[in-house]
Amino acid sequence: MSSPGASLARMGALVGKELRQLRRDRITFAMIIGIPALQLILFGFAINFDVRHLPAAVVDLAGTSASRELVQSLANTQVLTIVDQVATPQALEQLLYEGKIRVGILVPEDFERRRLDSSRPIAQLLVDGTDPVLLGIANQLANIPLQSTTNVRRVAPVIAVRNYFNPEGRSPVNTVPGLIGVILTLTMVLFTAIAIVRERERGNIEFLIATPVRPAELMIAKIIPYIGIGLTQVSLVLWLGDVLFAVPIEGALIDVYVATFVFIATSLAVGLVISTLADTQFQAVQMTLFLLLPSILISGFVFPFEGMPRIVQIIAEGLPITHFIRIIKAIMLRGADLAMVAHSLWVLAAIGAAAMTIATLRFRKRID
């Protein structure tokens, strides 16, 4: 039997070996430091329910000093930023459908009479209801104290709120389209993140060295099988969303699949970049999870994009899921077509092309 001292010495040697391996494994060490630091920064700094500067437009059919005071009072809250003024309610609704504004302010022609009538609201807020948080903020604005109404004992709210695109205020209507992006980010990035690493660990990369296959051909061949898997996942989510939660698809179904195809290809390309950076499959999984965390938190899926600091918004613009969530919500909930989301679609495609180029340049047909 060995003495307790000898046993402790052997365990101490093994602990030392493990610590040396961790020190040499730079990616794992970065994950140890990076994941808690990223969580702290995102939750403590970036995530903010105190939303400010929502883009808004105005239709002032009354054109009186009191109506202008109302609009100015709403702007002074800094929750809204007036970016446009249009002549008709139809034009205001069109800006909402195009996604150019999140809130519309409609002041009716009989505004002055409404000020003295406690049974009717004096104006309306037209709200993009695809984000329930924005709807809650609009309801707070609807009861803003105004000097012009302080002497009237009101029964109706000061301002009425009209919920567009989600009139029932159901959370699944907002959540399911975003979940498509989260599910695809996790699965598609993870599938290709381990692709090259798996070939290296199994020794299959040696066979590729002896073939005339070019790096670009290998990268493309790696992602093609997974595109069909991704589209199958999307079909399943759309079907379950309809059967279980009655989530609508206001736009064309073909537009949903075209946008999803671009996002799947981009996510797979990002996964290939990770695959060229990681030395082991475990590292590839770690890096995928490191990407998934900000993809959920700062893409607009969970927290309002407008509530984040500008620097965080800039970082979020580099994430494929940020643009996909904008596209899929616009098509499914607002009935937008591809022309209306063309800018976000092109940005998404550009991120995918850049990721594929980086992955191709980083790949080397050698064992080391």
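Guide: The protein chain exposes about 18400 Å², an area from the Shrake-Rupley method with a 1.4 Å probe. Carbon and sulfur atoms supply 63% of that area. This is a predicted model: local features need pLDDT of at least 70, side-chain atom pairs count only at pLDDT 80 or more, and totals for chains, interfaces and linings use all residues. Residues are numbered from 1 along each chain as its sequence is written, and side-chain values use heavy atoms, with hydrogens and water left out.

The chain has 15 helices and 5 strands. These are DSSP runs, numbered from the N terminus: helices are H or I with at least four residues, strands E with at least two.

Now the pair. Helix H11 spans residues 253–277, and helix H12 spans residues 281–297. Their axes come within 9 Å and cross at roughly 135 degrees. Axes here are lines fitted to C-alpha atoms over the stretch in contact, and angles run from 0 to 180 degrees between N-to-C directions.

Who touches whom? H11 brings Val270, Ile274 and Leu277. H12 brings Ala284, Met287, Thr288 and Leu291. Contact means heavy atoms within 4.5 Å. By class, the contact of H11 with H12 has 6 nonpolar, 1 polar and no charged residues. Ala, Val, Leu, Ile, Met, Phe, Trp, Tyr, Cys and Pro count as nonpolar; Asp, Glu, Lys and Arg as charged; the others, Gly among them, as polar.
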